[in-house]
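Here is a friendly walk through one protein model, from its pockets to its backbone details. Please have the viewer open as you read.

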Amino acid sequence: MAEPFKNLLNAAVVRDMSSRLEHAWSGFDAKRFQRFASAGLDDLELKARAMHIAAALEATLPPDFARAADIVQGAIEGGLTGWALWPVGEYLARQGQEAPERALAVLHTLTQGFTAEWAIRPFILRHPDLTFATLARWVSDPNEHVRRLVSEGSRPRLPWGMQLKSLIADPSPTLPLLETLMDDDSEYVRKSVANHLNDIAKDHPHLVAQWLEKHLPDASRERHSLLRHASRSLIKGGDARVLAAFGQGGKFRGDVRFVVTPPRIKLGESITLDLRLQPSGKKAQALVIDYAIHHVKASGGTSPKVFKGWTFDLPPLKVRELRKSHAVKLITTRRYFSGAHRIELLINGRVEAEASFELLC
C-alpha cells in the first residue's frame, strides 16, 4: 500500500528541521520545537501538519523577525529543503508582514528548494506594490523556480492557496509578467503561465481570446503548445472566438448522424455514442467534437457537463464514423438522479445534434 500523502511531513522531517535550525542558530531550542511540532502531528492531514509545524516555528524562533529571517535563511542554505519548507514558508507569511522586503528575500531562497507559491500570496494582498515590483525583477532571475514563482504565486485561483480576489476581479497586474514569461526557456515555467491564463479564462474569457489573437499568429511550437493548454477550459466549453483563433471555429459543412444507445441504463452502466459525419464541399475541415450531458438535478432541472470527444482534420467528401463509450458511474463530486438526460453533440462549439437516454438510479 502506498504511503499516505500526509506523511510527507512527519516526525523525521521535524527532527531534520530542528537539527538544521540549531546549526544555523546555536540558541535554538530544538527539543522544545520537536515537542511542539510532533504533538498530535499524526492525527492531522498534510496541510494541517504544515500549519501546525509553522506554529511551532512561531513559538521557538526569536520574536525579532530580522533575526529569525537570518536563521531561517541560514537553515535553507545549510540544506533544509523539500516539504519541510512548506511550514517555513507559512511562518514567513505569518510573521513577515511587517518586514515584507526581508521576507520576500527569504522566499526567493526558499522557492529554489520547494515552492513559495502559497507563502507569497499574503504579500500580494497586503503589499501589492512592493510584491509586484519584486516579481517584475524576478521574471529575469537565472533560476527557473524563481521565475515560475512569479506566475504560480500570482495565479488568481491557485489550488490549495487562498484566492486572490483582487486579481480575480482584475488580472491586469499579472499580464505583463505572463507576457514576459510566455516564451521562457523552461517548460516548467511555461506550464505555469498556461495554468495562470486558464485561471483568468474562468472569469475573463475575452481577455484570453484577445491574448490568443495577439500571440497565436506566427507562434513557435512551444508557444502554440502553451496557448493551447491555456485555452483548454474555453475550448472544452466551446468558446467560438477561441476555437476560431485555432482555426477550428467554422460551422461543420455536411450531414451529421448522432445516435446514443441503449435508450435506458442504470447507474454504473455505459452508453455508446455513435457518430457519422458526411462532409460536403471541397475543403478539409478542422473539427473539435465534444458532447455535453445535461444531468438531471434534484430539482428536476438539468446541469450540463462537457466531455472531450475527438479533434482531427476531416478530408473533403470523406465519410467518418466514430464511436465512444461513456460510463455513467458514481463519483464523489456528483449526485445522480433518475430522469431523461439530454446529450448535445458539439462541433467547433456549436450544437449540431441531440440525443437522450433515461437514467435509472
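## The largest pocket

The largest pocket holds about 230 Å³ of space. On a 1 Å grid over the protein atoms alone, a pocket is an open set of points with protein on both sides within 12 Å along at least five of seven lines, while a cavity is a set of points where a 1.4 Å probe fits but cannot get out; lining residues have an atom within 4 Å of a point. Grid points are joined across faces, edges and corners, and a volume is the space filled by probe spheres set on the points. This is a predicted model, in which local features need pLDDT of at least 70 and side-chain atom pairs count only at pLDDT 80 or more, while totals for chains, interfaces and linings use all residues. Residues are numbered from 1 along each chain as its sequence is written, and side-chain values use heavy atoms, with hydrogens and water left out.

Helices (H or I, at least four residues) and strands (E, at least two) are DSSP runs, numbered from the N terminus. The lining of the largest pocket comprises nine nonpolar, three polar and four charged residues; here Ala, Val, Leu, Ile, Met, Phe, Trp, Tyr, Cys and Pro count as nonpolar, Asp, Glu, Lys and Arg as charged, and the others, Gly among them, as polar.

## The second largest pocket

About 160 Å³ of space lies in the second largest pocket. Its lining is made of Glu187, Arg190, Lys191, Ala194, Arg221, Glu222, Ser225, Leu226 and His229. The elements that give two or more residues to this lining are α12 (187-203) and α14 (221-230), and the largest share, five residues, belongs to α14. By class, the second largest pocket is lined by five charged, two polar and two nonpolar residues.

## One cavity

Rolling a probe the size of a water molecule over the atoms shows where empty space is left. How many cavities of 30 Å³ or more does a search of the whole structure find? The search finds one, and the largest cavity has about 30 Å³ of space.

Thr111, Thr115, Ala116, His145, Arg148, Leu149 and Tyr188 line the largest cavity. With three residues, α9 gives the most to this lining, which divides into three nonpolar, three polar and one charged.

## A largely enclosed helix

Helix α6 (residues 100-110) is largely enclosed by the rest of the structure, because eight of its eleven residues are buried. Buried means under 20% relative accessible area, exposed over 50%, and partly exposed in between (1.4 Å probe, protein chains only). The buried residues of α6 are Pro100, Ala103, Leu104, Val106, Leu107, His108, Thr109 and Leu110. What covers them includes α4 (65-77), α5, α7, α8 (128-138) and α9 (144-152), with contact taken as heavy atoms within 4.5 Å.

## The open sheet

Five strands, in the order β2-β8-β7-β4-β5, make up an open sheet with mixed pairing; two strands pair if DSSP finds at least two bridges between them. At the edges stand β2 (264-266) and β5 (302-314), each with a single partner strand, so one side of each is left without a neighbour in the sheet. On average, neighbouring strands of this sheet are turned by 30° against each other, direction ignored.

Strands β7 (residues 339-347) and β8 (residues 350-360) run antiparallel and are joined by nine bridges. Leu345 stands opposite Ala353 in β8.

## Backbone details

Most residues other than glycine have a negative phi, and most peptide bonds are trans. The peptide bond from Thr261 to Pro262 is cis, with omega near -10°, and Pro262 sits in the loop between β1 (254-261) and β2.

Trp160 has a positive phi, near 70°, and belongs to the loop between α9 and α10 (165-169). Leu317 also has a positive phi, near 60°, in the loop between β5 and β6 (320-327). Are these two residues partly exposed or exposed? Trp160 counts as partly exposed at 43% relative accessibility, whereas Leu317 is exposed, with a relative accessible area of 63%.

Definitions and conventions:
Axes fitted to C-alpha atoms, helices over the stretch in contact; angles between N-to-C directions.
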